[in-house]
Structure formats: structure tokens, C-alpha cells
Amino acid sequence: MSDGNGNGTRGGVSDFDTPRPEDVRITTGSSQTDRVLGGGFPANSINIIMGEPGTGKTVFAEQLVFHNANGDRPILYLTTLSEPLTKVVRYLQRFDFFDPEKLGTEVIYDEVGTELAEEGVEALVPKVRERIKAIGPQIIVIDSFKALHDIAPSMAHMRRVVHDLAGLLTAYNTTAFLIGEYPESQPATLPEFVVADGIVELLRHSEGVRDERFFRVRKLRGSSFRQGMHALELSKSGVQVYRRLVSPAEPPDYTVKRQRVETGVTGLDDMLGGGLWRGTTTLLAGPTGAGKTTIGLQFVLDGVRRGEPGLYLHLEENPTQLASLIESFGGDPTDERLHTLYFSPVELQIDRFIDTVFGLIRNQGVRRIVLDAVGDLVTAAPDTQRLHDYLYALSQHFAVNGVTAMMTFETARPGITGVYRIDAPFSHLSDNIVLLEVRLDEDQSRRRVRILKTRGSRHDPVVREIRISEKGIEVVKSK
Amino acid sequence: MNGASSAGGRALILVVERDPHVRELEAYFLEEAGFDVEFADDGEAAMQRAFDLKPEIVITEILVPKLDGLALCRRLKESDELDGVRVLIFSILAAAGRAREAGADAFLVKPLAEHTLVETVRRLIREDGANRRGGAE
């Protein structure tokens, strides 16, 4: 953030250098949030951090403040008429990013509440100007800005103050953040919304007994940003944002990855025309007890034996049960190429889940993934449209990255007609559909496999018997 | 150079600027750094004030009325009477190339960064002193 003159930000580019102010960014202290913002807040901008009480606005701002406190120029945190300064600072100490060494030197808390109460809203701009002259802050936070409306005698009055403040903040080499308890429905007609270069919103939505938090960029002048609602978590570390999953910028190119991936299930590859195409997603559907988990595990373990790191995501089997299953199929649960991840469907946060999966693909080179079971995701996700969009984007990312995936889905048992219905809302997103069936005869259960669809490949149309043993599943050869 | 200093020996800077916030901050930081500051609201007034005050440095925005900052710079540089006046263009416009073509000695883009502004002004004054010593030898 320094231009080498102890000034940070764009102001003061000299000696005829051509400035590129849009390149200088202020980090939020969270890499994912920065990526949503196209790299962070553009320097020398005026930004609004809005959200209803309790959404994490102050934590968001303080995290940003402490991450930018680099000993270069101080940062000013100015409280107005909402929470008392002592309360703000006391609460701040609970977070990991808080550094008492920086307090009073690199991060300067000040309050203007007394002047505002005595002199009215006009006291704000002189106070900010005086602080600029005295300490030259690289960042100025005003918390709460919305509270100023409560003491302004009229909107016209407030408009003049905002205009004056914007003039001052634009004249000086600083980046400003105005925090306010503006509701989500707040129309952007308030004067501060008009002068703001950036508006970010922290949201909390209730769904049943669960609350979900989100981060959204409403406006970011002079910068691209990732649109939509991004999941947000508040913890001792501060604010963590998980970027909304979108389809890859480059569409999948099937021509460069014409490579078959064997499933590890004897006989199934022959039915699939030689295995699955690398980078495809296969829906493995069937009723309970049909063998979905077994085939999924065989698929991942076969990859591990071939040196391909694999990931088994499970929402049903607990980790102990899964380790036992892996061992029974000849796998080693401690193999470093085998990744298993358990998510409780009760507390599942879809964005964090997706973020974790991508981290493993990126960092561990995972090439085979099984998601067991996708139906649990449907149950866990409060917003099924969001889940649908995510699964589509996820399959596109798999294709681009050459990751071959299986998603299991539990179907109901067939009715009297014996016809299975695949009513998974995303079956059309799968490249291949493998249907497992269970027929309950009087003295035994007979399992069968049927290939319903293989994209870009011929497949065996015949329904075939499968056998489950302690070594796994195999397709029974025709006599 | 015939640049004037005030009675206290402080170099005089003429600032051509209309924005009241920039004016106030510019005056504050330059005076804090030991300079005297005078203002003009537009290019024509600046030309007249330059003749009257003989400042060491003229700092001008490009976007000023009557005579824009670039045209002002050319005229200042063409004037025999103001021979050697140093011009710093300090603008909201990223117009470093145009400033150079107009003969400016330095260019800074807004917003105001006090350390860079003061350091640039000091450098121009040092260079001016060196030029004069060089010319006298």
C-alpha cells in the first residue's frame, strides 16, 4: 500500500509517471472478500458498509482497519452517536486481529459524539478536517454514519453536510468507510448513497430455525466485482466470506480430455462403453441398500491405487463407519491420497462446503470425487435454486479441471409398476446416469444396474445383475 | 529566477485552485512545511498575481476557469518577466504527458498527499537553486 513516499494510495504520483489509481486496493483482511471486490476496495474511495444491527458491520470494518495498520500512516476510527467508544473497543479485544500494540499509534479511535450532541450535524466535517491535518489518516471510518440522520433537522441539511464531507474526503489522500444500520430495503436515495463509490451490504436471513449471513456488493465504482450473495461467517477470526460459486469463465472443452476413467467396478466399465469420460459427472441413483456408497467408494479407491488423489464427501456415514468400509474394500484410510470429508447435513453451509471442495482440488490435486449423498444437500440447503445453480457450476468446474465425479442420490422404491422415477432436480445436469435397482423376491433381494444415459458415449442398454461381496460390487457376467 | 520570498525568508507559492477543501489542506500543509501561500481562483487572475508577487513556484489545477492550467503553464514559461518560475501541475486529471508538453516542471495527481506535495515543492526549489548557482559560474 505504499508508494514509497510514506503516503500509500494513489495521491501524489509524481515525476510524470502515469498513474493507474484503480490498481491500488485496500484489503479487507480476508482474501475471499478481496476477491469478491475484485482485489479489495479501490483506494481513495468513499464506501458504505451497511446492514441491520448484529450483521457484523463493525467487525468487518475493524478487521479491515487492523489489517491495514502497517505503521505507514495512522487509521482513524471515529464513532458518532451510536455505541460509546469504550464499548466498541472492549468488544474489539475478543477478536484475533486485534493488536493492542497498534492502538493509539497506528489505529486511533476517536469520538465526535459530544460535538455532534452540542453543535449538531455540522460538527462532523470540521472534526474530520482537524483530524486530517493533525494525523493524516490513510483510512477514515465513521461509525455510525446513519445515526447522523437522527440529529439533522432536515434531509436538505444532511445533504449539505454529506456534500461537504465528500468534498473533503475526495480532496485528501484517504479511503473512507461510512458504517450504517441501513435496512436491506433501504432505497439508495440518501445523500451518502449518492456520493459513495462503493456500497457493501451484510445481511442475515432466517430460514426455519437457522440464520444465514451473506455479503453482497451493491456498487463498486471503477471496479469489477462478483455479483450476488456470498455466504458470510462471523467468528473469533473476524468476518470470513465464501465466494458464490459461478460457472468457470472458460467453458469445458471435452475434446482435450478424451480419456476414459475406470470405475473400479468389474463389469461396469464395459456397460459404460469403456469407463467414464474424464471430467464428467455421474448421477448414481437407487433406493437404500442398492450399493451406491459401495460403488462410490470403489471408484475413489480405484483412483487412489492408480495414483489419482480422491475425495469422498459424505453426509450420511460417520467417519468411523466410513473408515471401516474403506478397510473392508482393501483401502487404507490413512493413505494421503485419499481424502474423506464429513459434513453434518444439519449445520451444512453450502458455500463453505463448496469452498472446502475447491481447496482440496486446488491444493491436493484431487481427480476423483464422490458426493454421498446429494439428496442430503437438497435437504440441508434452505435455498434449492441456489443449490441447483451451485451443482451446475460445480459440474462445469469439474469438467474444466478434469475431475471425474459421482453424486449418489437416493430414490424411492418402485411402485407396483416397477418403474423407478429419477426426480432429482438436477438429473439433467449429470453427464451420465447409472440406476441401481433392488428387487425384493420372497427369499432374497436381487440387485441390478441399468445405464440410463451416457453423454458422448454408447452404453449397454441391458439391465444386468450385480453382486455385493465383502470385496465390493461386481456386475455378473451374462451366461 | 526572480522568485520572491516573504519577509521571514519563506519561499512564496502561488496556488491556483477553486476547490475549497483542496485550498485549505494545501495551504495548511505547505505553511506547516515552511512556505508562504497565496491563492488565485482562475488562470487569468493567476497570471496577474504571478506578475505582482513573483512566486518561486506556481501550483495549478488544470481545470480552472478563464485560462486552464496547461495554458497558464505555457504563458508563465514564455514570460521573460517571470523567467525561471517553476510550475507544478496538480490535477484531478491524469494528464502527466500534457503537463510535460506544456513545460511543467512536475506533475502530481490528486488527491492531496501531503508528504509527496511538500517533497516535490522542496525538490523544485533545490533544483532552482542549483540552476542559479550553475548559471552564475
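Chain B has five helices and five strands, where helices are DSSP runs of H or I with at least four residues and strands are runs of E with at least two, numbered from the N terminus. The order along the sequence is β-α-β-α-β-α-β-α-β-α. This is a predicted model, in which local features need pLDDT of at least 70 and side-chain atom pairs pLDDT 80 or more, while totals for chains, interfaces and linings use all residues. Residues are numbered from 1 along each chain as its sequence is written, and chains are lettered from A and ligands numbered from 1 in the order written.

Of the 137 residues in chain B, 45% are buried, meaning 20 or more other C-beta atoms within 10 Å of the residue's own; 12 or fewer is exposed, anything between is partly exposed, and C-beta atoms are placed from the backbone.

A:Gly167, A:Leu168 and A:Ala171 meet B:His21, B:Val22 and B:Leu25, contact being C-beta atoms, placed from the backbone, within 7 Å.

Last, A:Gly289, in the loop between β14 (281–286) and α9 (292–305) of chain A. A:Gly289 is partly exposed because it has 15 C-beta neighbours inside 10 Å. A:Val438 is 149 residues from A:Gly289 in sequence, but their C-alpha atoms are 7.8 Å apart.

Terms used:
Contact = placed C-beta atoms within 7 Å.
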